[in-house]
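Subject: Structure for your review

Dear colleague,

Please find below the structure that I am handing over to you. My notes on what was found in it follow.

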Amino acid sequence: MTAPRPYTLVAELTYRCALRCGYCSNPLDWTERHDALATADWIRVLSEAEALGVMQVTLTGGEPLLRDDLDAIVAHGRRLELYQTLITSGVPLTRARLAGLRDAGLDAVQLSIQDADETRSDRIAGTRSFAHKRAVAAWVRELGLPLTLNVVLHRANLDHVPEIVALAEEWGAERLELANTQYLGWALANRDSLLPTRAQIDRARAEAAAARTRLKGRMEVLFVLPDYFTGRPKACMDGWARRFIVVGPDGTALPCHAAHTLPLEWWNVREHALNAIWRDNPGFNAYRGEDWMPEPCRSCDRRALDFGGCRCQAFALTGDAARTDPACALAPDHALVSNARPGEPDTQYRRGAPPPAPPARGRKAPGPRVTTPG
């Protein structure tokens, strides 16, 4: 099969992070996965990505600011004329370092917040961080960088969408991403405490739509629906190994953040060139195209839109990555999703193992201590 051209490199520079969000996209065993790639490795990966046709890089984690060589990586990305976005909690960051990153070649900043209220936001984050995030947002604007605010939505903050929109206006964001939780990894482990009700989803969606209309031309408002409530699966990462390459801190290359959970063969950038990984790695080729699809995906007129949905979600819920994503209303395993929705039991179907028990107190394992500047 001919591999399509990739457009985005997701550079997960480290899994270390000061926050303790219950929906974290870090691997469940993140403390055992170390920052194995040196500066020279990341510089080579960026060069190989650009040669493949990649146009943009998202510098993420964990918290990418915990890499001392972030400035050098950004400077190389600028030499390659890649568009570079820093995905950050803002902790730790100083204005001087942000200015240095801008001068090195950083093009945009996406700052995460957990809620519009300081107390609630800090509670969700598991650490005091909201006040510093406010300062970071001001620095981003002062230094002339585009600012996106990203808020992962769930039961605890979904009722606060109007307040979050008002906060984004106050902080001068050009884009607000209201992204409902994707229930994989830590979010699946904590699903029972995170899943909202359908009434919450419907209300928040209407509020976001009203804000989008009111703010058109001033701020883009994006509301990402949760596939647990839509009956239609998402084309995860724009389809399996079609547009995105993810490289983790240990050098493992993946088509999406959670693909390491699948029983597939994954190659490492320390041992293989990115070009070879993209085109020849069995894991990347496992679910490209349509040949792998079972029914009802194979005959569905949406198969070229959602590509059968999320392979990682199919595996997490059914144990078989080649099953139709249970988020799809037509999937044989759909009740594994509908049964989980608060107040919407499906008594006709209850096959499949429950999600893993949540960790103690709904938090991640303890990580490194990071002192918030100022």
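Which residue stands opposite Leu254 in E9? In this model, which is a predicted one, the residue opposite Leu254 of strand E9 is Val246.

**Strand pairing**

Strands E8 and E9 run antiparallel and are joined by 2 bridges. The hairpin they form has 5 residues between the strands, and Gly251 there takes a positive phi near 95°. Strand E8 also pairs with E1, this time in the parallel sense, through 4 bridges. In that pairing, Leu9 has Ile245 of E8 as its bridge partner.

A further parallel pairing joins E3 and E4, again over 4 bridges. Here Leu111 in E4 has Thr88 standing opposite.

**Helix H1**

Helix H1 spans residues 39-52, that is, 14 residues. The distance from its first C-alpha to its last is 20 Å, close to the 20 Å expected at 1.5 Å a residue. The buried residues of H1 are Asp41, Trp42, Val45, Leu46, Glu48, Ala49 and Leu52. Because they cover an arc of only 170° around the axis, they lie on the same side of the helix. The face turned away from that buried side carries the exposed residues Ala40 and Ala51.

What do the buried residues of H1 pack against? Their partners are strands E1 (8-12), E3 (83-88) and E8 (244-247), together with helices H2 (70-79) and H11 (274-280). Just after H1, Gly53 takes a positive phi of about 115°.

**Aromatic residues**

A pair of aromatic rings is described by the distance of the centres and the angle of the planes. The count for this model comes to 7 aromatic pairs. One of them is formed by Tyr183 and Tyr228, whose ring centres are 5.1 Å apart and whose planes are at 55°, so the pair is tilted. Tyr183 lies in the loop between strand E6 (175-180) and helix H7 (186-189), while Tyr228 belongs to helix H10 (residues 227-230); the pair therefore ties together parts that are 45 residues apart in sequence. Both Tyr183 and Tyr228 are buried.

Trp266 and Phe284 form an edge-to-face pair, with 6.0 Å from centre to centre and 80° between the planes. This pair also links distant parts of the chain, 18 residues apart: Trp266 is in the loop between strand E9 (253-254) and H11, and Phe284 is in helix H12 (residues 282-285). Trp266 and Phe284 are both buried.

The two residues belong to one aromatic cluster, which is formed by Trp240, Trp266, Trp278, Phe284, Tyr287 and Trp292. Two arginines are placed over rings of this cluster. Arg288 lies over the face of Trp278, 4.6 Å from the ring centre. The charged end of Arg311 sits over the ring of Tyr287, at 6.0 Å from its centre.

**Two buried loop residues**

Is His154 buried or exposed? His154 has a relative accessible area of 3% and is therefore buried, the cut-off being under 20%. His154 is found in the loop between strand E5 (147-153) and helix H6 (161-171). Beyond residues up to four places away in sequence, His154 touches Tyr23, Ile124, Thr181 and Leu194.

Ala327 lies in the loop between helix H14 (311-318) and helix H15 (335-338). Its relative accessibility is 0%, so Ala327 counts as buried. Neighbours within four places in sequence aside, Ala327 is in contact with Asp227, Gly231, Arg232, Pro233, Gln313, His334 and Val337.

Yours sincerely

Notes: Residues are numbered from 1 along each chain as its sequence is written. This is a predicted model: local features need pLDDT of at least 70, side-chain atom pairs count only at pLDDT 80 or more; totals for chains, interfaces and linings use all residues. Side-chain values use heavy atoms; hydrogens and water are left out. Buried means under 20% relative accessible area, exposed over 50%, partly exposed in between (1.4 Å probe, protein chains only). Contact means heavy atoms within 4.5 Å. The expected span of a helix is 1.5 Å times one less than its number of residues. The arc is that of the directions from the helix axis to the C-beta atoms. Rings of Phe, Tyr and Trp (its six-membered ring) pair if their centres lie within 6.5 Å; planes under 30 degrees apart count as stacked, over 60 as edge-to-face and the rest as tilted. A charge sits over a ring if NZ of Lys or CZ of Arg is within 6 Å of the ring centre and within 35 degrees of the ring normal. Two strands pair if DSSP finds at least two bridges between them.
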